[in-house]
Amino acid sequence: MEQWVLPAVLAGVTLLFVAWAVLDGRRRARWLRRRVRDSFGAVPVDTGPGLATPRWYECAPGRGVRLDEQTWQDLGMDEVFARVNACGSLLGEAYLYAQLHEMCGEETLQKRRALCKMLEASPQLCFDVRLLFAKLGRRRGADPAFVFADQSAQLRAPTVYRVCAWLPLAALPLALFSAAGGAAFIAACCLNVLLYQRAKPLLEGKSESLAYLMRAVDMAGALAQRLRKEGAAPQLCAALEEAAQPLRPLVSARMKLSMPRSEEADTLTEWARMLLLIPVRAYLRAVRVLRAQRACAVRLCALLGEMDMACATASFRASLPHWCEPECGEVLEMDGVYHPLLTRPVVNGARFARGALFTGSNASGKSTFLKAAAVNAVLAQTVYTCAARRFALPQFAWPVVTSMAVGDDLAAGESYFVAEVLSLKRLVDLADGGGAGLCVIDEILRGTNTAERVAASAAVLRHLAASRVLCLAATHDTELPALVQPEFDNYHFCESVEDGRVHFDYLLQPGVCTTRNAIALLRAMGYPPDVTQSAERGAQHFLDTGEWARVP
């Protein structure tokens, strides 16, 4: 009986490992399904752009009207991206980041609208598609923009690797019959170890990206099959299969391409893979396919990214208090608009048939409203979704250019005022180019003295008003509204100081701000009485005489 003990123990241990693997796999599958289900309509957590996320935008050729970097920074679009980014895959994340930079025309936007409607009409289909993308996942170390890279010179002398891979097998029979054959076998093995170590840094840097692309090819087939089962998006199914078919040889190389982990490097299998250069040969074969079918790879990644972005858009819509699809109207018109990053937003509305000038004190809501209008104009032309009850633009593919969060550049030796002038020049160039667009300016030319600021601001605003651009600008200078009429309409935000406390309602009002609560705000914030009283006397003297003087 004792001779059966060891096999029985081994069989029992094996069964335990198999059972554990099966149960763990099921547990992970349940966890993933629960995470996908619970995350829909929730505010994404920690989904800002990773290191590889901007690469698709940097490498892909621009097709539409691109949002420049200054506008992206002014509007805090990294945070807006994180708010929208419910993508399940790295492909979708990178594609969403790129598309938030590009203002699209109506044809493209209607296609995106159709995808969102398809997902919203069938919650089960939406869940299944999101689950597929969650399984594809965000693989650390992978770079979706790898498909744009030049693969022609990734590994020098590839023929040497292909020939040397067979040398150990060729020398092995000789090693069984002679010492010279044994020496040749050892020499071939040593040569391949050196070649492997030479190629290893490249494989470690590129293999994750290639492996991710291979998984995407597999996933494209599953996605097309699921959509076809629903009878949905037949054109997308055909496009996915057409792009994936030439890339099928990549799938067979996926397991061979995987790099050995350090704790596995001493196993017989991994030594055999190294001595026969199996990962290197798989990499060369995959690169050869990718080089020949780069257009298909780019197309496939874009199709999958578009679908994952549609899932993220559907989730983004469900997470908002209210939302709408944008319309194309005669003017910029908005109702119930708010900034999507605000958790307890105050909604506003207005109709801008021409430029608008906003006045009011700091923290009253001017900058937030300007950003809300500009951000929603971007979202309208990218994900076809606005944080508003109604949002209409004069046209799609409508450029959005801002001059808001300007700062001095010490490295370039530029002062604040110089940086502000250069930032405003972008808006003037858009106007002089004859194109239409939305220009947003916060605190125009605040980096210089009052007299020149008011005069120069009025001249710049009137120049913009004479073009096809729509300009929304905020200012503290109460003299400015009179200098830009009738080209600009006036709006304001106001606040009240009651019982030593400042109250903001953040509601947009017509006309110029007439309240002066800055000194009262200083008093409410606990400034010394001699400071606030001296300020009040100085301000009153200026209002009475029109001149500044030192008042005791």
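Start with the aromatic rings: a search of the whole structure finds 13 aromatic pairs (rings of Phe, Tyr and Trp, the last by its six-membered ring, pair if their centres lie within 6.5 Å; planes under 30 degrees apart count as stacked, over 60 as edge-to-face and the rest as tilted). Select Tyr57 and Tyr97, an edge-to-face pair with 6.5 Å from centre to centre and 70° between the planes. Tyr57 belongs to helix α2 (residues 55-59) and Tyr97 to helix α5 (residues 90-99), so this pair ties together parts that are 40 residues apart in sequence. Helices (H or I, at least four residues) and strands (E, at least two) are DSSP runs, numbered from the N terminus.

The model is predicted: local features need pLDDT of at least 70, side-chain atom pairs count only at pLDDT 80 or more, and totals for chains, interfaces and linings use all residues. Residues are numbered from 1 along each chain as its sequence is written, and side-chain values use heavy atoms, with hydrogens and water left out.

Next, select helix α6 (residues 106-121) and α7; their axes come within 5 Å and cross at roughly 110°. Axes are lines fitted to C-alpha atoms, for helices over the stretch in contact, and angles run from 0 to 180 degrees between N-to-C directions. α6 and α7 are therefore roughly perpendicular to each other (angles under 35 degrees count as roughly parallel, over 145 as roughly antiparallel, 65 to 115 as roughly perpendicular and the rest as oblique). Met118, Leu119, Glu120 and Ala121 of α6 meet Pro123, Leu125 and Cys126 of α7, where contact means heavy atoms within 4.5 Å. This contact of α6 with α7 has six nonpolar residues, no polar and one charged (Ala, Val, Leu, Ile, Met, Phe, Trp, Tyr, Cys and Pro count as nonpolar, Asp, Glu, Lys and Arg as charged, and the others, Gly among them, as polar).

Val129, Arg130 and Phe133 of α7 make the contact with Leu304, Met307, Asp308 and Cys311 of α16.

Stay on α16 and show helix α11 (residues 234-244), which packs against α16 at about 145°, with the axes 8 Å apart. From α11, Leu236, Ala239, Leu240, Ala243 and Ala244 meet Cys296, Arg299, Leu300, Leu303, Leu304 and Met307 of α16. The contact of α11 with α16 counts 10 nonpolar, no polar and one charged residues.

Now turn to the sheets. β3 and strand β7 (residues 390-393) run parallel and are joined by two bridges. Select Glu327 to find its bridge partner in β7, Ala392.

Last, show the open sheet of six strands, ordered β8-β9-β10-β6-β11-β14 with mixed pairing. Its edge strands are β8 (400-403) and β14 (509-510), each pairing on one side only. β8 pairs with strand β9 (residues 437-442) in the parallel sense over four bridges, and Val400 stands opposite Leu438 in β9. Helix α17 (residues 366-380) lies across β6 (355-359), β8, β9 and β10 (469-474), at about 155° to β9.

Conventions
Pairing = 2+ DSSP bridges.
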